[in-house]
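Biologist: I'm new to this one and would like a close look at a single part. Could you walk me through it once it's on screen?

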Amino acid sequence: MNPIYVKYDCSSLEAALRECGAGRIFVIYDENVRQFVEEQVLLEALNALDDEESTIEIYEMAVSEEKKSLATVESICQWLLESGADRKSFLLAVGGGITSDMAGFAASIYMRGIRFAYVPTTLLSMVDAAIGGKTGVNFLDYKNMLGTFCEPQFTYIATSALETLPARDFIGGESELIKSFIIENNDEAYERAVKLLPAMTEGANIDELTALIQAAAAVKGGIVTRDFREGGERRKLNLGHTFAHAIEHLARENKADITHGEAVSMGMVMAARLSESLGIAPEGLADSLKADLAACHLPVDCPYTVAQLAGAMGKDKKADGDKVNFVLIRAIGDVTVEKLSLSLPFFNQE
Ligand SMILES: NC(=O)c1ccc[n+]([C@@H]2O[C@H](COP(=O)([O-])OP(=O)(O)OC[C@H]3O[C@@H](n4cnc5c(N)ncnc54)[C@H](O)[C@@H]3O)[C@@H](O)[C@H]2O)c1
């Protein structure tokens with residue numbers, strides 16, 4: 001696993017770039033973080049250049065799930081080619097998960113692969129998308145259908161980037177942060193997170209938030225190091241996601257406005273209820289998890305019935321007949337993956 005730096009600002013980014021001998025740097029960024037790039041990233045990148053003749057090329061883009069496509073990756077590759085990027089060039093991607101997934105994909109295929117690194121700017125990308133080397137784009141209505149496993153040289157997290165992140169995006173990212181600690185709860189990170197996050201909107205305790213981001217990044221980093229290609233343990237990171245993908249699918253059909261992080265929050269409560277119904281989790285775990293997530297301003301009540309969700313899950317491309325993988329919760333910090341039949345009584349609830 002390549003380094004994950006967790007800092008408040010970008011003052012150590014030059015050192016990180018030098019450490020991996022970045023060479024000629026191409027910076028690609030989300031238009032919504034232009035100010036952060038201009039004030040923090042570009043100076044560091046310039047300082048990291050050895051050759052005085054060298055320049056930095058920049059590419060600003062608008063991001064959305066619709067634009068997370070092969071066409072955008074082609075445009076990125078065209079920019080790299082027209083600006084003279086060669087095999088030794090280095091791509092630095094600054095933005096949320098959409099930016100890193102697309103830039104990483106482009107870097108992994110341009111000239112059969114050039115080196116790249118991420119500066120994630122959303123909470124979700126700091127603890128999840130920018131770690132673990134999965135890149136990709138949406139294709140023919142399927143999310144992340146085309147992509148590669150390819151690791152960045154490093155991930156540089158500067159928590160000051162979060163200062164401009166809209167509240168709804170921040171709160172959505174909270175569910176992935178909390179998810180990490182339901183999977184592994186070292187140093188009571190779960191308890192610390194559900195104590196800190198309810199107060200985040202009233203004024204940040206940035207040091208404690210930074211420590212929690214570091215802890216969550218370490219959870220994902222550790223799992224990915226042990227299981228890069230998702231043969232086993234990495235599946236634990238899908239906690240809440242089997243339900244969440246079904247919720248997002250139904251929300252799209254019904255034109256309802258539910259973000260991924262919001263769906264994951266509802267999905268984790270349902271995963272806890274399923275775990276209780278199977279006698280895997282102690283009674284009361286789902287209610288206490290639900291109360292903790294609600295206190296963090298996350299939605300916890302799913303607008304669809306379990307039977308409706310099961311209907312959507314059965315049609316998912318990952319379903320194996322009527323069997324689907326679920327991450328079940330034994331206790332906070334202890335989860336297990338099991339393939340379950342959608343004909344279980346739990347999934348018939350209207
Ligand atoms: N590769 C992986 O392992 C992995 C894991 C999880 C999610 N993902 C992918 O990540 C994507 C979601 O990531 P996301 O939630 O970061 O979404 P995103 O990149 O769309 O960012 C969310 C919104 O915040 C804006 N933004 C980003 N940083 C900002 C900042 N600091 N200030 C102001 N605005 C800012 C963006 O322009 C966007 O409007 C999905 O496409 C998902 O498939 C990938």
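Predicted model: local features only at pLDDT ≥ 70, side-chain atom pairs only at ≥ 80, totals over all residues.

Which helix is the place of I206? And while you're there, please take me through α4 (97-109) and the shell around the ligand.

Modeller: I206 sits in helix α8, which covers residues 206-226. I206 is partly exposed, because 15 other C-beta atoms lie within 10 Å, and a buried residue would need 20 or more. Setting aside neighbours within four places in sequence, I206 is in contact with Y8 and T159. From I206 to T122 is 84 residues along the chain, and their C-alpha atoms are 14 Å apart.

T122 takes us to the ligand: T122 is among the nearest of the 26 residues around the ligand, along with G96, G97, I98 and A129. That shell is made of seven nonpolar, eleven polar and eight charged residues. α4, α5 (123-129) and β7 (142-146) each give the shell at least two residues.

Now for α4 itself. Twelve of its 13 residues are buried, so α4 is largely enclosed by the rest of the structure. Among the buried ones are G97, I98, D101 and F105. What do they pack against? The partners of the buried residues are β2 (25-30), α3 (70-82), β4 (90-95), β5 (115-120), α5 and β6 (137-139). After α4 comes M111, with a positive phi near 50 degrees.

Technical notes:
Residues numbered from 1 in each chain as written. Near = placed C-beta within 6 Å. Helix = DSSP H or I, 4+ residues; strand = E, 2+ residues; numbered from the N terminus. Nonpolar A, V, L, I, M, F, W, Y, C, P; charged D, E, K, R; others polar. Contact = placed C-beta atoms within 7 Å.
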